[in-house]
Amino acid sequence: MSQILKAYCIHDVKAEAYNQPFFAPAKGAAIRDFAALVNDGVKVDYKTWVPFADLPSYMQLADVCLGGPFGDTIQSQFVITGKTYQLLQMGRPVIVGQNLESGIFTDKSNVLIVKQNNADSLAGAILWAQSHPVELKKIGQNGRKLYQNKLSNCQLSEQLRLMFTNKNLL
C-alpha cells in the first residue's frame, strides 16, 4: 500500500488539473495515511470495507485499476494477483508490477507494467493512463482477450489436462 500512497502523492503534485478522485479499499495503518491525505486536500476516497459482491461495480467506474503487486517482498516476485485476473476478465485497463511472472503481459498492449517498489514508475503509468483514454480502452479490450485465450479457468484447465496427459497422470 505504501507504493500506492507514494505514487498518488506524486501523481497529485504532477497533475494539478487531474480532478478524478482516487478510490482504494484500506485497512490498518493505510487508513491513517489516507486520512492524512484527505486532511491535506488530496482527493482520495478510501473505504475500510467493500462487500465482495460490490467490487465489480467499483471496478467498472475506474478509468484504470491497480492490479499489483507493487511492493518488494519475495512473494511479490512470483505472483499475478487475483484481482489482476478479475480485472482482465472484466476488460478493465490494469496496472501490474513487473516480476518473474509478468512475462505473459505486454506493456501498453494488454496491461500497463511498472517497476515494483517504485512509486515514480506507478505515478508515471497513472499519468500516462489519464492522458491516453483511447489507448487505455484498447488495453482493456486486449487484456480481456488475453484472459479469455490464456488465463481463464477453461484455458488453465486445458493446460493442466495436457500436462497430466503428457506425463501419463490421467
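Author: Strand S3 (residues 65-68) pairs with S4 in the parallel sense over three bridges, where two strands pair if DSSP finds at least two bridges between them. The model is predicted, so local features need pLDDT of at least 70 and side-chain atom pairs count only at pLDDT 80 or more, whereas totals for chains, interfaces and linings use all residues. Residues are numbered from 1 along each chain as its sequence is written, and side-chain values use heavy atoms, with hydrogens and water left out. Helices (H or I, at least four residues) and strands (E, at least two) are DSSP runs, numbered from the N terminus.

Reader: In what order do the three strands form the open sheet?

Author: S4 is joined to S5 by three bridges, and these two strands run parallel; in S5, Val114 is the bridge partner of Gly97. On the other pairing, Gly68 has Val96 in S4 as its bridge partner. The three strands, paired in parallel, therefore form an open sheet in which S3 and strand S5 (112-114) are the edge strands, each pairing on one side only, and the order is S3-S4-S5.

Reader: Which residues of strand S4 are buried on its two sides?

Author: In a regular strand the side chains alternate between the two faces of the sheet. Buried means under 20% relative accessible area, exposed over 50%, and partly exposed in between (1.4 Å probe, protein chains only). Strand S4 (residues 94-97) is covered on both faces, and the buried residues are Val94 and Val96 on one side, with Ile95 and Gly97 on the other.

Reader: Is the packing of H6 on H7 roughly parallel or roughly antiparallel?

Author: Axes are lines fitted to C-alpha atoms, for helices over the stretch in contact, and angles run from 0 to 180 degrees between N-to-C directions. Helix H6 (residues 133-151) and helix H7 (residues 153-166) pack with their axes 6 Å apart, at an angle of about 30 degrees. Angles under 35 degrees count as roughly parallel, over 145 as roughly antiparallel, 65 to 115 as roughly perpendicular and the rest as oblique. H6 is therefore, relative to H7, roughly parallel.

Reader: How many disulfides does the count come to?

Author: A disulfide is a pair of cysteine sulfur atoms within 2.5 Å. Cys65 counts as buried because its relative accessibility is 7%, whereas Cys154, with a relative accessible area of 63%, is exposed. By the distance rule, the number of disulfides is zero.
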